[in-house]
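Visitor: I would like to learn how to read the features of a structure one at a time, with the general idea before the particular case. Could we go through one together?

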Amino acid sequence: MLSGALAAIALAALVAGIAGAWSPCGFSMVDTIGTALGDVRRATMTLASATFTLGALAGGAVTFGGLALLGSLLGGGASGVRDAIAAALALAAAAADWRGLRIAPQIRRQVPERWRWIMPLPLACALYGVLLGLGFTTFVLSFAVWALAGMSFASGSLSFGLVAGIAFGVGRALPVLWIAPRLGREDGQRALDRLALEPRLWLGLRRVDAIALSFGALLLGAAAATAAPPAQFAHLGTDPSTAGRALAWERPTTGGWLVRPAGTARIPGRFPALGGGRIAWVAADGAITVATRFPAPHPRTFAAPASASIDDLAVSRHWLVVRDQGSGGVANLFAISLAHPKRRVYLQGAGLPGAIGRPSLSGSRVVWTYSDAVRSTLYEANLATGARRILLRSARNVLYANPSLAGGRLLYERSDRCVQDVLLGSSAAPAHARVILALPSIVTRDPGYQPGYVQDYNTASLCHNRKTGPGGTMTLGPTALGIATAWVSESPPALAATRIVAVAI
Amino acid sequence: MPSEDPQTRSLSDEVARSSNRRGFLERLGGAVIALAGAPVVAAALLPADAQAEAYTNFCGHTYTTGNCPAPTGLPRIDRNGYPLRASDGVPVDDLGRPVNSRDEPIDAQGRLLTDADGVPLAPAPRTRVCETAGHDYGIQLSLDGSWYRCCGGTVRRIRDCCGSTNVRINGDAALPGYCYPGRHVFCVTYFETTMPC
């Protein structure tokens with residue numbers, strides 16, 4: 001969806017650049033490069049055209065890329081809000097351009113004419129290109145230019161800014177490249193005349209711009225809607241769980257919370273889980289509550305296991321998966337059929353605290369990790385058929401943790417002595433996943449040599465992604481996988497400050 | 001920080017290849033270099049234990065074979081070959097986290113590390129440094145012979161991680177070092193004894 005919006009924005013920027021040809025500077029450039037140079041100086045003209053184009057591309061990239069970079073300094077997250085602002089700007093500019101409104105605010109400045117006389121033509125044209133590419137140093141010929149600037153800033157995405165900027169630069173260069181080489185001939189002169197005498201062409205281009213901007217606004221608006229819930233609501237907490245446009249999480253001091261389009265609500269319990277149109281949590285008395293909505297008028301409850309406390313849940317339409325910790329120190333992971341609660345599937349047991357990781361459910365498939373000093377394994381089981389398989393296993397160096405399953409997509413964490421990675425891939429081929437977030441390992445590392453001795457041949461002791469000494473301060477924790485967002489818990493040394501961050505995927 | 005002359009180092013390594021006992025190697029190397037008329041260089045290259053500056057990377061390690069990859073940097077191991085944090089000898093897992101006797105990750109006070117919910121963090125694999133180096137590089141490796149030197153007031157056991165390989169972790173030719181016959185040093189580790197010296 002976002003790539004479609006980006007294509008629409010690129011088209012709008014290209015057309016906005018072309019529309020700039022109807023400005024005083026646009027005409028001047030055609031003439032400067034093409035006028036009466038004749039065949040003798042064709043090479044100079046070709047070079048000037050090339051430098052002008054490069055200058056325009058650079059100028060566009062600087063303006064729109066720079067604005068995007070500035071926007072990124074506002075911080076990550078809140079992609080939905082950013083998309084919504086960008087969509088609103090695009091829509092407003094589209095309306096104004098469609099109606100052909102007078103451009104305001106207008107920049108009544110031109111490029112310095114004297115450069116044409118005091119500099120070699122290619123150099124002067126390069127600088128002219130930069131000024132025109134910058135967009136706001138001379139006349140602005142469509143509202144789209146203003147909108148693109150605002151959208152680049154609001155996006156906070158360098159790629160967005162660069163795409164818009166380069167497309168704008170190409171647009172500024174195209175009319176010059178099209179007409180200037182032919183200016184000495186009749187058809188070239190006719191083209192320039194048509195340009196100068198047909199403002200309807202310019203107005204038509206503004207309407208094309210309006211259509212492209214509207215299309216971009218539509219797609220950005222859709223992205224904003226699906227990007228909910230906003231990240232800032234889930235700022236402090238852990239154990240995220242998401243389904244559709246809702247996100248539930250645990251705040252260790254206050255219990256479960258739920259955020260959805262209707263607002264934020266506190267859940268009367270802990271370890272909230274979402275999935276399959278259901279919400280589940282562990283009530284204060286230890287019993288499990290499952291409901292189809294919240295607040296829940298008629299929730300189902302499942303008694304707490306005897307002599308055990310539940311410390312995590314996962315839920316789907318037909319299944320509930322429970323991790324508990326027995327008083328004897330044995331942890332268990334098992335599934336309960338919601339249709340036939342007496343039907344239970346035992347998944348894992350462990351005498352080692354923390355060995356069984358947090359489960360995640362998608363339909364009838366559940367994933368979890370089991371790790372001890374011998375190996376770390378990521379399992380998947382089909383609760384309907386009983387089939388179980390190993391998705392990933394490592395007997396050394398690596399710890400797998402905190403998987404999340406959504407359809408066929410699999411999110412998981414992989415940690416080694418150097419790095420903590422969050423990877424997104426397919427449960428069918430989990431080893432071929434891409435890293436969407438990487439943090440340095442938290443352990444203190446020495447430089448691989450003792451001070452005072454010859455330091456050499458110790459590269460195998462080093463980590464390329466981090467320095468020696470204390471490591472990072474954040475430990476990755478539980479995750480959730482949404483449609484366009486991965487939610488990841490990050491714990492600082494003060495665990496109460498654990499937070500959930502949104503990573504666009 | 002002193003550095004070895006590459007030519008001399010190459011000569012020493014060449015000498016080392018012809019031997020599988022470092023004591024003999026030191027004597028032979030010393031003789032060869034001394035005969036070559038470089039007694040000063042020989043003294044620098046083949047130091048007594050007290051001449052710490054001639055060791056590479058850590059006290060007691062002569063010659064140039066690189067460290068085995070270890071979770072926290074320096075390849076300090078316990079007597080069974082499992083990784084320890086070099087600075088204080090605390091056992092660590094393969095991620096470099098300090099662990100208790102059950103291999104559970106712990107904090108500086110010895111308490112179990114937990115997540116924000118209070119649930120203990122998952123243990124991670126804890127494997128022998130030498131064997132894991134072999135796994136990482138696709139070679140079967142094991143700890144063979146040793147040499148002992150006085151380091152920081154205690155006896156340190158330099159343990160060569162050896163295999164049937166002619167290439168060492170540095171990427172160049174492997175030396176026999178303290179390995180069993182027919183095997184060569186791939187990388188080095190050390191074990192700190194409690195024996196004062």
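Visitor: How many helices and strands does the secondary structure of chain B come to?

Guide: Please keep in mind throughout that this is a predicted model. Chain B has four helices and four strands, and, read from the N terminus, its elements follow the order α-α-α-β-α-β-β-β. Of the 197 residues in chain B, 50% count as buried, and among its contacts with a separation of 6 or more, 50% are between residues 24 or more positions apart.

Visitor: In what order do the four strands of chain B form a sheet, and what is the pairing?

Guide: The general idea comes first: strands of a sheet pair through backbone hydrogen bonds, in either a parallel or an antiparallel manner. In chain B the four strands form an open sheet in the order S1-S4-S3-S2, with mixed pairing. Its edge strands, each pairing on one side only, are S1 (76-77) and S2 (141-151) of chain B.

Visitor: How many bridges join S2(B) to strand S3 of chain B?

Guide: Nine bridges join S2(B) to strand S3 (residues 154-163) of chain B, and these two strands run antiparallel.

Visitor: Which helix lies across the strands of chain B?

Guide: Helix H4 (residues 129-137) of chain B lies across S1, S2, S3 and strand S4 (184-196) of chain B, and runs at about 130° to S2(B).

Visitor: Turning to chain A, in what order do the strands S17, S18, S19 and S20 form a sheet?

Guide: In chain A these four strands form an open sheet in the order S17-S18-S19-S20, and the pairing is antiparallel. Strand S17 (399-406) and strand S20 (429-440) of chain A are the edge strands, each of which pairs on one side only, and from one strand to the next the twist averages 25°. Within this sheet, seven bridges join strand S18 (residues 409-415) of chain A to strand S19 (residues 419-426) of chain A, and the bridge partner of Arg414(A) in S19(A) is Asp421(A).

Visitor: At what angle do helix H2 and helix H8 of chain A pack?

Guide: Helix H2 (residues 24-34) and helix H8 (residues 158-179) of chain A pack at about 40°, with their axes 9 Å apart, and the two are therefore oblique to each other. Their crossing is right-handed. On H2(A) the contact is made by Gly26(A), Met29(A), Val30(A), Ile33(A) and Gly34(A), and on H8(A) by Pro175(A), Val176(A) and Ile179(A); these residues divide into six nonpolar, two polar and no charged.

Visitor: And at what angle do helix H6 of chain A and H8(A) pack?

Guide: Helix H6 (residues 121-134) of chain A packs with H8(A) at an angle of about 125°, the axes being 9 Å apart, which makes H6(A) oblique to H8(A). H6(A) passes H8(A) in a right-handed crossing. Gly129(A), Leu132(A) and Gly133(A) of H6(A) meet Phe168(A), Gly169(A), Arg172(A) and Ala173(A) of H8(A), and the residues of this contact divide into three nonpolar, three polar and one charged.

Visitor: Finally, how many residues of chain B are in contact with chain A?

Guide: The size of an interface is often given as the accessible area lost when the parts come together. Here the description is by residue contacts instead: 51 residues of chain B are in contact with 50 residues of chain A. On the side of chain B that touches chain A, the residues divide into 25 nonpolar, 15 polar and 11 charged.

Note on methods:
Residues are numbered from 1 along each chain as its sequence is written. Chains are lettered from A and ligands numbered from 1 in the order in which they are written. This is a predicted model: local features need pLDDT of at least 70, side-chain atom pairs count only at pLDDT 80 or more; totals for chains, interfaces and linings use all residues. Two residues are in contact if their C-beta atoms, placed from the backbone, lie within 7 Å. Ala, Val, Leu, Ile, Met, Phe, Trp, Tyr, Cys and Pro count as nonpolar, Asp, Glu, Lys and Arg as charged, and the others, Gly among them, as polar. Two strands pair if DSSP finds at least two bridges between them. Axes are lines fitted to C-alpha atoms, for helices over the stretch in contact, and angles run from 0 to 180 degrees between N-to-C directions. Angles under 35 degrees count as roughly parallel, over 145 as roughly antiparallel, 65 to 115 as roughly perpendicular and the rest as oblique. A crossing is left-handed if the near helix is turned anticlockwise from the far one by less than a right angle, and right-handed if clockwise. A residue is buried if 20 or more other C-beta atoms lie within 10 Å of its own, exposed if 12 or fewer, and partly exposed in between; C-beta atoms are placed from the backbone.
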